[in-house]
Every structure is written in C-alpha cells, then in structure tokens.
Amino acid sequence: MKPRIMQLRQWLRPAIAATLLIFTTGLVTPAFAQKDVVVFAAASLKNALDDISAQYQRETGKHTTISFAASSALARQIEAGAPADIFISANLSWMDYLQKRKLIKPGTRSTLLGNELVLVAPKDGTLKKVAIKPGFPLAKLLGKDGHLAMANTDAVPAGKYGKAALKSLGVWASVESRVAQAANVRAALALVSRDEAPLGIVYQTDVAADPNTKIVGVFPEKSHPPIRYPVAITASSTNPDAPAFVTYLHSAKARPLFAKQGFTVLSHNNK
C-alpha cells in the first residue's frame, strides 16, 4: 500500500472514532452547545430579573442573557431583526406593536406583572409627602429652576403613563416645558438620585433599586392606564428552552423575587 494512503487512513481513524463518540455518548463541544435564552426586558425589571435569572441557573443549570432598555427601543430592535427569544414590555402597547406585525409567536403572550406610578425626590431632600390630586402644585414644588425627571413621554411606557396621569390631573401644561426627558425610567431615576432634578416620575419598583431616592407621592390608579407587563416568545425564536423560562417567570418560585421589588404578580391566564 502506498505511504500516502497509509497516512490518510491513520489520520481518519481517530477522527471517525471522535465522531462516533459524540453520537453515541451525547458528548458535544462548546460550539454545538445550546445557546442561552436571550431576553429583552423593560429597564424597570432589572433587579427582579437578575435575581430570577441567577436562581433559575442554580436550579436548572441553564443560562439566560438579558438586555434591559426602554420597551420602545427593544420592540424596534426586535422589529429590525435582533435575535431575542423573549420580550417583556412595561406596557401593553409595545407588545401590541409586535403582535400586529406578527413578530411574537401566537399563543405565547400573557400578562406577567403590575406596577404603580410614583413621585420621587432625593432621599435627603426636605420634601416629605405630596398629596397627588387634581390641580396639585407640581410646578411650585419644582422650585424656580428645577426640572421634572421622566422617561421619554412619547415612547417609553413610564413616560407615557406619567404624561397621561399629569394630563388627567390637570397639571401637565404647568410643567411640560420643565420636563427633563430620559432614555428610560432608570435613567430618569438617576437624575433624581444624583440631585440633578428635585422630582421625578418613575415606577414604585424603581425606588427599591436606588437608596438615594424616596417616594413622596403615589399617583391615583385611575389617573393613568393600568400598568401591565406582558411577556411573549418572539416569532423568530428557535430556542427550545424559551418556553420553560417563561413558565418559570410565572411560577411560585419567581413570585417572591418579583414581590420583593414591589411588583404585583398577575395570573398566568391574564392575557
């Protein structure tokens, strides 16, 4: 037999053996390992989802990769083809936006959480409590040069809820020109935390994430649309672990971690 043929056979034997080992034992290299479940989630969910993701990994050995931003930005990224498996929005309208464009899988949408809208101030500030009611003196509370920190009022859910509340209470016109708009609700909270704004409008759950802020008032529930967080699997997802993570988010094991941050956990059947 020619030397080159002998060398080829000697090289092929270990390669064939390695291939058989993979198929008979289930051994795979990292390149073939299952990918993480990729979650796109509203910024206000960061603390709760970080805790839940860590707990899920400890219990199942499976990983998630979570990107946090404004729901509007995330929805548009999904529309543009971003590789997300799961989307969790801070309002119904951005989930509706994707659903109308057939970008979430039918039958996978459910409403996960509820929240409250609050007025916040720096922790060491002198303001103690504000009675939020029709015509309350918000402009006066801001002082001569102060601004009201809010997430973008035209696109970001927290900003839209806040604008709706101020309009319904008849005070939007008095502060509209003094709103400091941020990219998302956590960025709005940071303006208050750093004492760059005397007041801000955020979710109740955000305050738990920042020890330098405090709640000075709660907006009446009827002053704005109900704050709801829907979750769904994206139409482009092919990750078989995505449904299991959504189920885990609705589970009794995740509930205390959401509640710890101040969220109201809603029924899985609530669409």
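Asp50 and Lys46 sit four residues apart in helix α2, which spans residues 46-60, and are therefore separated by about one helical turn. In this predicted model, Asp50 forms a salt bridge with Lys46, and the closest N and O atoms of the pair are 2.7 Å apart. The structure holds eight salt bridges, and the chain that carries them has 11 helices and 11 strands.

**The chain as a whole**

- Of the 271 residues in the chain, 47% are buried.
- Among contacts between residues at least 6 apart in sequence, 79% join residues at least 24 apart.
- The accessible surface of the chain comes to about 14000 Å², and carbon and sulfur atoms account for 56% of that surface.

- Side chains of opposite charge can pair when their charged atoms come close.
- Glu59 forms a salt bridge with Lys253, with the closest N and O atoms 3.4 Å apart. This pair links distant parts of the chain, since Glu59 belongs to helix α2 whereas Lys253 lies in the loop between α10 (242-249) and α11 (255-260), 194 residues apart.
- Glu59 has a relative accessibility of 42% and so counts as partly exposed, while Lys253, with a relative accessible area of 48%, is partly exposed; the cut-off that matters here is 50%, over which a residue would be called exposed.
- Lys163 forms a salt bridge with Asp154, the closest N and O atoms of this pair being 3.6 Å apart. Asp154 has a relative accessibility of 58% and therefore counts as exposed.

- When residues up to four places away in sequence are not counted, Ala75 touches Phe87, Trp94 and Leu98.
- The C-alpha atoms of Ala75 and Met95 are separated by 7.6 Å, although the two residues are 20 residues apart along the chain.

**Positive phi outside glycine**

- Lys102 is a residue other than glycine with a positive phi, its value being near 60°. Lys102 lies in the loop between α4 (92-100) and β4 (110-114), and it counts as exposed because its relative accessibility is 69%.
- Asp195 also is not a glycine, yet its phi is positive at about 65°. Asp195 is found in the loop between α8 (185-193) and β8 (199-203), and with a relative accessibility of 56% this aspartate counts as exposed.

Note on methods
Residues numbered from 1 in each chain as written. Predicted model: local features only at pLDDT ≥ 70, side-chain atom pairs only at ≥ 80, totals over all residues. Heavy atoms only, no water. Helix = DSSP H or I, 4+ residues; strand = E, 2+ residues; numbered from the N terminus. Buried < 20%, exposed > 50% of the residue type's maximum accessible area, 1.4 Å probe, protein only. Contact = heavy atoms within 4.5 Å. Salt bridge = Lys/Arg side-chain N within 4 Å of Asp/Glu carboxyl O. Areas by Shrake-Rupley, 256 points an atom, 1.4 Å probe, with all protein chains shown as cover.
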